[in-house]
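Look through the model shown here. Start with its confidence, then turn to its aromatic side chains and its nonpolar surface.

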Amino acid sequence: MTTVSTPPGTAGISRRLLGIELLVVLGLSFGMSGLGALISFLGSVTEPAQLAKQVATLNGSRAPGRPWLDLAWQLYYIARGLMPVALVGYLLLREGASLRVLGFDLRQKWRDLGRGTAVAAAIGGTGLLFYLASQAAGFNLTVAPSGLPDVWWRVPVLICSAWENSIAEEVIVLGFLLRRLGQLGWGWPAIVVTSSVLRGSYHLYQGIGGLIGNLVMGVVFCLLYRRWGRVMPLVVAHALIDTVAFVGYALLAGHVSWLPTG
C-alpha cells in the first residue's frame with residue numbers, strides 16, 4: 001500500500017487506511033444522513049400533497065405527554081450525535097495530531113466569536129429569505145425547527161441541539177473531510193465540491209431549497225475555513241444560525257403571519 005508523505009504526522013499511514021477511516025466516519029454520520037434525506041425526499045415528492053403543504057419537523061417530541069422521558073430522549077440523541085466527533089478526535093490522535101489541527105479549540109475564542117457572529121448575520125438573514133421564497137414557490141417543505149412541547153427545558157434543549165448540530169457538521173463535513181481528502185491527494189476544487197454537495201445532500205429532506213441553500217453555504221464555509229485555518233468560527237456561526245432558527249420558531253410560530261407553520 002502507498003503511504004502518505006504529507007502532511008507531517010501521517011507517515012506510515014496508508015492512503016487506503018485514511019480513505020477507509022473517512023468512509024467509516026461518514027457512514028456513521030452524514031453520509032448515511034444524506035442517503036436518508038434522499039429517501040425522505042422521494043417519499044415527499046410522491047405524496048399527493050404539494051411540497052409546501054408537507055411539514056419537516058426538527059427537534060420533535062420523542063415521548064409526547066411524558067416530559068421527563070422526552071427530556072431524557074432529547075439529551076440521549078444530542079449526546080449520540082456527538083459520538084462521531086469523538087471518533088474523529090481519536091483518529092486524529094492516532095495520527096499524531098488532535099482536534100486542534102482543525103482549529104477546534106478555544107485558543108482564539110474572541111476572534112472566533114466575532115468572525116462567527118459576522119458570518120451568522122450575513123448567512124442567516126439571506127438563508128431565511130431564500131427558505132421563505134423556496135417554500136412559497138413550492139420547491140421546499142414547510143420546515144418546523146421545533147416540535148417540542150412548551151415546557152421549562154424546551155429552550156435549553158433547542159440551544160444544545162443547535163450546538164450539537166454545528167459541532168458535528170463543521171468538525172466532520174468541513175474540518176475532517178477537507179483534511180482527509182487533502183491527504184488523499186485531492187485537488188482543492190474537487191474537495192470543495194465534495195464537501196458542499198455532502199452538506200446539501202443531508203438537507204434534501206427539506207426540499208430543493210434546502211439542498212441548494214446548504215450547498216451554497218458549504219462553498220462559503222470551505223472558502224472561509226481555507227482562509228482562516230480554523231473550524232471554530234464556522235461552528236459558532238452555524239450554532240448561532242440554528243439557535244435563532246430553533247428558538248425563534250418555538251417563540252414565534254403561530255404568532256406572526258410571515259412564518260409558515262404547515
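The paragraphs below take up these topics in turn.

This is a predicted model. Mean pLDDT for the chain is 94, and 95% of the residues reach 70 or more. Residues 1–6 stay under 50 in pLDDT. For that stretch the model has 16 contacts beyond four places in sequence. Where pLDDT is low, the predicted coordinates should not be read in detail.

Now the rings. The structure holds 5 aromatic pairs. One of them joins Trp68 and Trp152. This pair is tilted, with 5.9 Å from centre to centre and 55° between the planes. Trp68 sits in helix α3 (residues 67–81), while Trp152 sits in the loop between β2 (142–144) and α6 (154–183), so the pair ties together parts that are 84 residues apart in sequence. Both Trp68 and Trp152 are exposed.

Tyr76 and Tyr77 form an edge-to-face pair. Their ring centres are 5.0 Å apart, and 80° separates the planes. Tyr76 has a relative accessible area of 39%, so it is partly exposed. Tyr77 is partly exposed too, at 27%. Ring pairs link Tyr76 and Tyr77 with Trp73 into a cluster.

Phe130, Phe139, Val193, Val197, Ile208, Ile212, Leu215, Val216 and Val220 make a nonpolar patch of about 710 Å². Which element gives the largest share? Helix α8 does, with 5 residues. Val216 lies in α8. Its relative accessibility is 48%, so Val216 counts as partly exposed; exposed would require over 50%.

How values were computed. Residues are numbered from 1 along each chain as its sequence is written. Side-chain values use heavy atoms; hydrogens and water are left out. Patches are made of residues with over 30% relative accessible area and no salt bridge: like charges are joined within 9 Å, nonpolar side chains (Val, Leu, Ile, Met, Phe, Trp, Tyr) within 5 Å. Accessible areas come from the Shrake-Rupley method with a 1.4 Å probe; for residues, only the protein chains shown count as cover. A salt bridge is a side-chain nitrogen of Lys or Arg within 4 Å of a carboxyl oxygen of Asp or Glu. Helices (H or I, at least four residues) and strands (E, at least two) are DSSP runs, numbered from the N terminus. Buried means under 20% relative accessible area, exposed over 50%, partly exposed in between (1.4 Å probe, protein chains only). pLDDT is the predictor's confidence in each residue, from 0 to 100. Contact means heavy atoms within 4.5 Å. Rings of Phe, Tyr and Trp (its six-membered ring) pair if their centres lie within 6.5 Å; planes under 30 degrees apart count as stacked, over 60 as edge-to-face and the rest as tilted.
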